[in-house]
Amino acid sequence: EQEEDANSLSKDESETNSRNYLRYVPLGIAFLLLAGAAAATWYFLDYRPWHLEPAVLQFYSGSLQVLNRQYSPDLGQVESRAFWLESAKLQKMLKELIRATELGRYYNSSTVYAFGEGALTFFFWFALQIPESQQKEVTAERVNTTLHQELSASFNSSGSLSYQTEYRVNPDSLVLLESSVKDIVVLKSTLGCYRYSYVQEDDVLRLEGPDYLASSCLWHLHSLNGYMIKLRLEWTLPDCRDRLAMYDAAGPLEKHLITSIYGCSRQEAVVEVLSSGPVMSVVWKKAMYSYYDPFILSAQAVPLKACKVNITLREGLELQGKISTPHYPSYYSPNTQCTWHMTVPSLDYGVTLWFDAYALSRQKHDLPCTQGQWIIQNRRLCGLRTLQAYAERIPVTSSADITITFTSQISLTGPGVQAAYSLYNQSDSCPGEFLCLVNGLCVPACDGIKDCPNGLDERNC
């Protein structure tokens, strides 16, 4: 009987336990389903986009100022111990800064490659590995804004990250430019012959020539805010095959190319090139044959020059003055913005701009002007370097005021532009001569010589 009672009790207990287990089965199934759904969501929304979707490396170049550090000559020597110690710490700081933002999931690599004068400015590049589907959203503007916001938020706070404790960074000093693999490859190829120079105010700095054991060299020029750099290139040989390229940035960024000059230019034995601000870089590329000092480089800091002038013309048809881009005859800078307001003595007159080896023509509105954009009385014209003289005649109708603007639409620039100005009589533009509408010049009519490119001066004679 005791055995039967015990068996009966154990059977009741097992049935009770079974019922209890069965009660938790639905909960377990629900838990597994939720876990599976969470895993699937994570896989498709997080893991798959960042790890399985094809990604593109996007490069950025820039600079940042550290307020509690000062530049020292050792930091200008890439091979020095001071350079490597400081660059390693700042590289770690840059990595922590990026990873502290929403960009952290894209972070790939970063490098600090140079330092600048004054409160220590360091120059860097970094790479973000961005899924193809996110590439359009992660623009240079967004990256710049994100990093600036993070720096501003941490500027007055204390944290555990190195960029919050060891370094006091000026958020407003951040400069960030979109770069490319090609830009970084060119920059890396020059680091064996990298030369940093700080260009003082009112001083002409002669730059050391290239190292001919290297295939390329880079001169990194830096000056005060409010100034731009004027580089003077003088060829010393009648013939060579070297190449020099000037950039409106701290590195050889193709989108910021100012100009590129090949092989001892005979047309321009001396060239002066302007940057748009206090930074410029110059890259020398060795030719197949080595030449001993085929050129001389010098640099000076020149103040940013306003280019906005009011001009009142007087009665008379003679030349009355000249307008030009800042620091003419230097190449105009990539951000040139000039405005000239002219007032004529009466509506009987129009204004003529006389150009030498430069002309104006119409171009489609969706295409940029590669050699300067002109807006004259709300008409858009593009500049073009030529070998002939050209005159732009500006009629005056309802108002005695004329507005002329010149802008550089792209970073690629050219020789400075200058034009003489005078009045012309609107009722008789070319007294006793023929007005050639192609180039605006007055030429003799019916003299047996086709002075006008379209030959209209010799028709109906």
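User: How much space lies in the largest cavity?
Analyst: About 30 Å³ of space lies in the largest cavity, where a cavity is a set of points on a 1 Å grid over the protein atoms alone at which a 1.4 Å probe fits but cannot get out. Grid points are joined across faces, edges and corners, and a volume is the space filled by probe spheres set on the points. The model is predicted, and local features need pLDDT of at least 70, side-chain atom pairs count only at pLDDT 80 or more, and totals for chains, interfaces and linings use all residues. Residues are numbered from 1 along each chain as its sequence is written, and side-chain values use heavy atoms, with hydrogens and water left out.

User: How many cavities does the search find?
Analyst: The search of the whole structure finds 1 cavity of 30 Å³ or more.

User: Which residues line the largest cavity?
Analyst: The lining consists of Ile323, Ser324, Thr325, Trp340, Phe355, Trp374, Val417, Gln418 and Ala419, lining residues being those with an atom within 4 Å of a point. Strands β15 (321-324) and β21 (418-425) each supply at least two residues of that lining, with strands taken as DSSP runs (E, at least two residues) numbered from the N terminus.

User: And by class, what is in the lining of the largest cavity?
Analyst: There are 6 nonpolar, 3 polar and no charged residues in it. Here Ala, Val, Leu, Ile, Met, Phe, Trp, Tyr, Cys and Pro count as nonpolar, Asp, Glu, Lys and Arg as charged, and the others, Gly among them, as polar.

User: OK, pockets now. How much space lies in the largest pocket?
Analyst: The largest pocket holds about 670 Å³ of space, a pocket being an open set of points with protein on both sides within 12 Å along at least five of seven lines. It is lined by 31 residues, of which Ser63, Val175, Asn225, Pro278 and Val279 are the closest to its centre.

User: Which strands supply at least two residues of its lining, and how do the residues divide?
Analyst: Strands β1 (55-70), β3 (119-131) and β4 (169-178) each supply at least two residues of the pocket lining, and the lining residues divide into 13 nonpolar, 15 polar and 3 charged.

User: Switching to disulfides, how many does the search find?
Analyst: The whole structure has 6 disulfides, a disulfide being a pair of cysteine sulfur atoms within 2.5 Å. One of them joins Cys307 to Cys338, with an S to S distance of 2.0 Å, and this pair links distant parts of the chain, with Cys307 in the loop between β13 (295-303) and β14 (308-312) and Cys338 in strand β16 (residues 337-343), 31 residues apart. The link is right-handed, with 100° about the S-S bond.

User: Are Cys307 and Cys338 buried or exposed?
Analyst: Cys307 is buried because its relative accessible area is 10%, and Cys338 is likewise buried at 1%, since buried means under 20% relative accessible area, exposed over 50%, and partly exposed in between (1.4 Å probe, protein chains only).

User: Which cysteine does Cys446 pair with, and where do the two lie?
Analyst: Cys446 is joined to Cys461, S to S 2.1 Å. Both Cys446 and Cys461 lie in the segment after β23, so the pair ties together parts that are 15 residues apart in sequence. With -85° about the S-S bond, this link is left-handed; Cys446 counts as partly exposed at 43% relative accessibility, whereas Cys461 counts as exposed at 60%.

User: Last topic, the open sheet of 4 strands: what is its order?
Analyst: The order is β6-β13-β8-β11, with antiparallel pairing, two strands being paired if DSSP finds at least two bridges between them. The edge strands are β6 (204-206) and β11 (270-274), each pairing on one side only.

User: How many bridges join β8 to β13, and which residue is the partner of Leu231?
Analyst: There are 9 bridges between β8 and β13, and the bridge partner of Leu231 in β13 is Ala299. Ala299 also stands opposite Leu205, while β6 and β13 are joined by 3 bridges. On the other pairing, β8 (residues 227-235) and β11 run antiparallel over 5 bridges, and Arg232 has Glu272 in β11 as its bridge partner.
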